[in-house]
Structure formats: structure tokens, C-alpha cells
Protein chains: 2
Amino acid sequence: MTGFFKVKSLGDVLGMTRLFSPVGMEELHTLDAFSRVLAKDLVAGENLPGFRRSCMDGYAVNAASTFGASESGPAWLSIKGTIAMGDIPDFELARGEAARISTGGMLPAGADAVVMVEHTEAIDEQSIEIYKSVAPLQHVIDVTEDFAKGQTVIEKGRLMRPQEIGLAAGLGHTRIWTYKVPRVGIISTGDEVIPVDKSPEPGKIRDINSYSLSALVTQAGGEPVRYGIVKDDPDALKSVCKKALAHTDMVLLSGGSSVGTRDYTVEVLSNLPDTEILVHGISVSPGKPTILARSGHTPMWGLPGQVVSAMVVFQVVVTAFLHRLRGLSRPVLQVKTSARLSRNLASSQGRRDFIRVVLEEDGRDLVARPILGKSGLIRTMVQADGLLEIGEHVEGLEKGSMVDIILLK
Amino acid sequence: MTGFFKVKSLGDVLGMTRLFSPVGMEELHTLDAFSRVLAKDLVAGENLPGFRRSCMDGYAVNAASTFGASESGPAWLSIKGTIAMGDIPDFELARGEAARISTGGMLPAGADAVVMVEHTEAIDEQSIEIYKSVAPLQHVIDVTEDFAKGQTVIEKGRLMRPQEIGLAAGLGHTRIWTYKVPRVGIISTGDEVIPVDKSPEPGKIRDINSYSLSALVTQAGGEPVRYGIVKDDPDALKSVCKKALAHTDMVLLSGGSSVGTRDYTVEVLSNLPDTEILVHGISVSPGKPTILARSGHTPMWGLPGQVVSAMVVFQVVVTAFLHRLRGLSRPVLQVKTSARLSRNLASSQGRRDFIRVVLEEDGRDLVARPILGKSGLIRTMVQADGLLEIGEHVEGLEKGSMVDIILLK
């Protein structure tokens, strides 16, 4: 039972993400790269916007022409022309001259600022009065103000959110290099587990974990590959594990909730070529009987069989490894929301607890109401809006205290 | 300019989601239903787990056999047999009898609780001592404890998260009814806008909005349908709008950032059959010049042309309408995280401000550092981790105060 020396803290396990590397890369159409991770620095091949652009509807001017202008002493400017959207102005502005311009329009040579239309009055077709001075570059975006040619605009390892997609498009990148989507093999084990489309006799239970874990893998940015249900038979499990290792980037075994099954899972993993058990037990609840092994370059997990435990371990541990395989260079900010605790909660020291909670609105605060059900009840996860984390060194939490909740989206 | 009477508060605009209805429904394989919205109540066709199931490795007993057991006065029980995983026990337990059982195993008739193996000692092959009493139903999940036959287990209108997918699987539903994915038409307008794969001459700018809005639509659970770029020409715009209205469930026009273009957008929308302008301006910043119309049963948006304004309005307004079309019965909890403000911030009363912020870790707190850039600079959105919302009735926020941040994922 060398395994018992491998019970680790959550922090130690999360540190092991460094033992694994991102999967390969591929070039994609920029629109298909949404929610992927950038695999090569994106460099600006040109300036953005590339010309001096107006941010307002109004008049392009040389700022110096407006200095000192006020309601009581307006500046008088003559109108040189009108700039149509998308056009290159075919005239230049001197001091004392202005040109009609719309938001997004290009400033003519000689202009370095825009006066908002609200601060002007048209005298006649050829002239305006200006009631407020502008500073140079006011109400304009300058040639390189968004990005300058040659500048790294998105570093590799960054998540491509809608704004990063927009920026790549703005710089003319129709294709970009991203990391591939990690393939995650999912294997259910246990003589009591039957396929979802079968009717269970007493004593049997449908394969919930393959379904909920598939969805979790998708949600965390991976591609689930299901290998079905394996009976409690070491040879069969070894053979399916080898198959999954050959075709995926991470493997999740689930089930094996009984001590006997856990022992043979460890035995099977230990006997795979170039495989080492890294973790045998994590000091979290639920989810303590979790196994992590490294097989070649591939992380393999033995997740608890209890549905809630498997889901919680996926959320708080496995996701970080999947993010590593996706190539994310910094952890995704964990989405936490603040809520007021509805009751006292006890907790064991030396263990990190994740308590399922319902969030309810109560006037101004969000209230977190703990769901204290068994970790075999999927109902408790369906009711839950989030998880309340209680640290290793906390004995318990008091009713009314403000707590951080990890949202279950 | 009747439009000026239609400037609305954010709350009023969000209330208008009620004017629109969810799109049609379709039956999907349960695994494909992840992140869809349930369109018909899901009812349990059977009990879950359907048998009395052990939550622990140990011994199945009749709880009364253990009453009064302690370290100093253990209860002595004779072993009737061993229950293999997934099997129906072929024996019954009387008082004073126990059966070896693993987590997930089915309790034999006559047993109503499980004693953890840690609280027992084997005397010989046929008998054990028990050092701790158990209550009836302790360490077991009873026949209907997760769900009882006939019970509604997931109500229509709920998002299918990984746990809802798992529950549907556990109850044997391989196919479920969900709302369809709303199709969202995206139209860019403006003489200055050119396709992303073209090289812009001075005065022109690539079509960033089609790309970032496509990604936002996908992120919010819709399917983007791009209709390309329309020049500043009312007839051309009207014709593309009609096409988009015929094939999609919501239409986004973007661009038209100048007053002139906005006016003709309103004119075009007003002249479509059975179309009414609902909102002409929202008291938010950035994003004030936003137009919302109803054309038949379809919401149509005139979004600001500035890239940042368009994205912010999508996040804080349009998403709620897309959720309505997806069939969500309650708003998705907006993901907010608490952070300490790095500087004083001024704000105008009567307007809701959304300030882009960078989040940095600083010992124990998260620090929100405002990015005060022009709303034409996509850079500011690429730097931003979130949006800080400042309410209509708040004059400003003080450095060091704790604020809620909407995360930009």
C-alpha cells in the first residue's frame, strides 16, 4: 500500500500540471479559433487604425486654431470641405480652417483634433463658431494608437476571447496558429454499471459518469472520447487503457469507488509501460480517493465513482490539467462570486472542503444555502448553483459571513 | 427625431426581453444537449437509484443489531455472505447478521444500514465485532432518495449543465427535448469598412465587428450568420435586413457610428413591414447610441460602430435577449467577482457606466485597475479582464473600495 504515502494537498497536486505539456498546434480560420489558445505570438503587420481617425461627429481642426475659444469668445473657422466616410481627404487644413467629419472618418493633413458638433454653431455654409477649445489628439485615434507595426499584440498562451478574435481580424489575420483541442478518453468501470439505454435490474446503475464527464470535458475546452464501460477485470481494463492512451491526450477512469476496485485500478496503472503513480488520494472532500498517474507524457486519472465526487474533482483539479494541455499560459481566473452564508458550517482541518450551495437573492445580497447531501446523489449537484470552498486551516464558517462561491455554470 | 423620446434606462431595456419568445424546439441525443435549454419538463420514469445502495465499504446490517455498540462493548455479528458489485443478494439478513458490501453495492433484504469497515474488526471468517452503532439508513442511499418515479426532475427552461446531462442519463433518457439554437444575423455597415482579408487604404478599416460579434453570439449560445458588409445605402441595407429577417431569429446591425448613418438606420428599420423602434439610445456608457426594434417577432439591434461599445452593449444588454430566445426561464447568474479598486473613479449620475478593468493579484485581494481608453481602441478590451459597473445613482467610487466585476471570459 505504498499509495498511502501519496496523499497530497490540493496545492501540491495543482503544482503537478507543470509535469505535462501542451498538445500540438494547428492553423485555423480566425473565426474558428474562438475559445482556442493562441500557439504563436500574434504580431501587428501594420499600424492600427493606420490613419488619424475621428472618434466623434464634428469638425476636424488644427487644435491650435481653437485655443482660448469659449462661450463668450468663440473661435471663428472657415470650412474647407466635408470628409465622406472611408475617403482619403483631397485637401489640407491650415490654421483657421475646419472640415466636417463623422465618427470613424479620416482626418485631413494639417488636422490633429476634432471638435464635437455640440460645441459648435454653423454661421453659414462656409463658416462655424467654436465654443470650446480642444487639445491636440483630442477626439481622435492616432495612426498607431491601437497597435504599431511590429508590436506583439497577443502573446502565445492567451485564450482567444471575442475581443482577441476581433483584434486578429482588425490586423488582417484570417488564419492563426492555435493549440489543438486535447482529446480526453473517458472509461467507466464497475460490474454494477450498465449503458444508459439499458433498463437496470436492481443492483445495477446507469453510466452517469460517462455523460457528465463528457460534458465537463467539453466545457473545459477538450474533446471527449468515450470508451464505454469496463467490467471489474484487470486485463480488460489494461487493454482499454492502452487503447485510450494511444489515441488521446488525457485519460479519465471513473468508478472503482470500492477499496478493492481502487486497488486493482492502481495495480493496472502501475503495470502499464512507462507509467508512475503520482497521487493516491487528495486531501479534499468530496473526492479524496482520486488517483493521478503519468503514462509517458499523458496524465491518467482514477476518479471516484460517486457522481458528485467525480464532478467536484473534475472542476477543482482536472480542469487545471486540461487547461495546461490546451496551452493556456496563465490559469483562467476562477469565477467566484461573493455571498452571505445562511448557516454555520463545520469543517475538518487539514482538508479542503467543497460544499454544494444554492444561491438565492435576498434584497441586496446573494445568500449561499449549503446542500448537505450524500455525494452519491446527483440531485444535490442539479440543485447546486456553486461550490463553497473551505480552506485546510479553517475550522468552520459562521452564519452571516461573506464567502466566495465557485459558480457551476 | 422622435427617437430622442426613446432613450431608456438599462433596466427598462432589459424588461423588454418579455416582448420576445423562445425559438422552436428539437429532440437531441442527450450528449448533444449539453449547454442547451430544456424545452419540456424531464420526468423520472423510475426510481433512482431504484435499490438500497451502499455509500461505503463495510458491512450491511440491520441498524438495530448495532445499537449500543462501542469500543468497550462491541456488538458481535455473524457474516451471512458477501455481496458482489452489481449483483442482487440471494439471501436475507436477520438481526445479528451482517454481509460484506462495497460502495455502490445493493443491500440485502433485512438490511437498512452499512457499518464502515473502519469501525469493525474481523474475528474469524464467520464473525465480526462492531465498535460503533449506526442509525437506520446511515451510509446508504435509499430506493427513491435521488428521485422518485413520476417526479419532475428538471423543469423546462433550465440550462443543461454537466450535472443535468448526467441526471438525464441516470434516468435513461438518451434523447431529450431542447430549444433550438437561435440564429443571429450579423450585418456590418459603413463605407469605410472593408473585408478582413483585404488590405485597407488610409481611411478604411477592417470589419472587426463581424468577427467579435460572431464570437460573442457563439459564447452566448447562439449561431452567428454573417451577411457581410453593406455600404451606406438605405436600399442596400433594407434588402439585406429583409434577407436576414427571413432566415434568423435576431439581427445585429453594427457600424453606423456617425449621426447620419444612425439616422438612416432608424429610417430603414422604421420602413420595414410590421416593425417598430422600441429603444433609441440607452443610458449606458459606452454604448449609448444603441437602437432596438421589433420586426414581427424578431428583435433587431442597431449597435454602435465603435468596437468596444458594440462589445459592451452585447455583453450587458443583447445577451439577455439571446438568453430569452434560447428559452432560459431564469437569467443566468451574472458572473461577478469581488475586487479592490486601485484608484478613484468619477461617474455621471443618471447613466450606468461600464469601465474596463485589469484584474491583478496582490497578496490576498484581487485588485481592479481601470483602463481609461477610447472606445474605438480594441486594445483596451484585449487588456481587460472584466467590466466594473457603476450604477445610475452613484457619483463615483473611492480608491480601495470593494467592487463587483463582470468577468470577460
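Biologist: What share of the 409 residues of chain A counts as buried, and what does that word rest on?

Modeller: In chain A, 51% of the 409 residues count as buried. A residue is buried if 20 or more other C-beta atoms lie within 10 Å of its own, exposed if 12 or fewer do, and partly exposed in between, with C-beta atoms placed from the backbone. This is a predicted model, in which local features need pLDDT of at least 70 and side-chain atom pairs count only at pLDDT 80 or more, while totals for chains, interfaces and linings use all residues. Residues are numbered from 1 along each chain as its sequence is written, and chains are lettered from A and ligands numbered from 1 in the order in which they are written.

Biologist: What makes α2(B) count as largely enclosed by the rest of the structure?

Modeller: Nine of the nine residues of α2(B) are buried, so the helix is largely enclosed. Among them are B:Pro162, B:Glu164, B:Leu167 and B:Gly170. Just after α2(B), B:Gly172 has a positive phi of about 85 degrees.

Biologist: Why are α3(A) and α2(B) called roughly antiparallel?

Modeller: The axes of α3 (residues 208–219) of chain A and α2 (residues 162–170) of chain B come within 8 Å and cross at roughly 155 degrees. Axes are lines fitted to C-alpha atoms, for helices over the stretch in contact, and angles run from 0 to 180 degrees between N-to-C directions. Angles under 35 degrees count as roughly parallel, over 145 as roughly antiparallel, 65 to 115 as roughly perpendicular and the rest as oblique. The pair α3(A) and α2(B) is therefore roughly antiparallel.

Biologist: Which residues of α3(A) and α2(B) meet?

Modeller: On the α3(A) side they include A:Ile208, A:Tyr211 and A:Ala215, and on the α2(B) side they include B:Pro162, B:Ile165 and B:Ala169. Two residues are in contact if their C-beta atoms, placed from the backbone, lie within 7 Å. By class, this contact of α3(A) with α2(B) has seven nonpolar, five polar and no charged residues. Ala, Val, Leu, Ile, Met, Phe, Trp, Tyr, Cys and Pro count as nonpolar, Asp, Glu, Lys and Arg as charged, and the others, Gly among them, as polar.

Biologist: How many residues does each chain give to the contact between chain A and chain B?

Modeller: Chain B gives 81 residues and chain A gives 81 residues. Elements giving two or more residues to the side of chain B that touches chain A include α2, α3 (208–219) and α6 (307–326) of chain B. By class, that side of chain B has 36 nonpolar, 25 polar and 20 charged residues.

Biologist: What makes α3(A) roughly parallel to α6(A)?

Modeller: α3(A) and α6 (residues 307–326) of chain A pack at an angle of about 20 degrees, with axes 10 Å apart. That angle makes α3(A) roughly parallel to α6(A). Residues that meet here include A:Leu213 and A:Leu216 in α3(A), and A:Met311 and A:Phe314 in α6(A). The contact of α3(A) with α6(A) divides into seven nonpolar, two polar and no charged residues.

Biologist: Why does A:Ser35 count as partly exposed?

Modeller: A:Ser35 has 18 C-beta neighbours inside 10 Å, so it counts as partly exposed. It lies in the loop between β1 (25–29) and β2 of chain A. Phi of A:Ser35 is near 70 degrees, a positive value in a residue other than glycine. Most residues other than glycine have a negative phi, and most peptide bonds are trans.

Biologist: Where are cis peptide bonds found?

Modeller: One joins A:Leu48 and A:Pro49, with omega about 5 degrees. A:Pro49 is in the loop between β2 (42–43) and β3 (53–54) of chain A. The bond from B:Ser285 to B:Pro286 is also cis, with omega near -5 degrees. B:Pro286 is in the loop between β19 (284–285) and β20 (291–295) of chain B.

Key:
Helix = DSSP H or I, 4+ residues; strand = E, 2+ residues; numbered from the N terminus.
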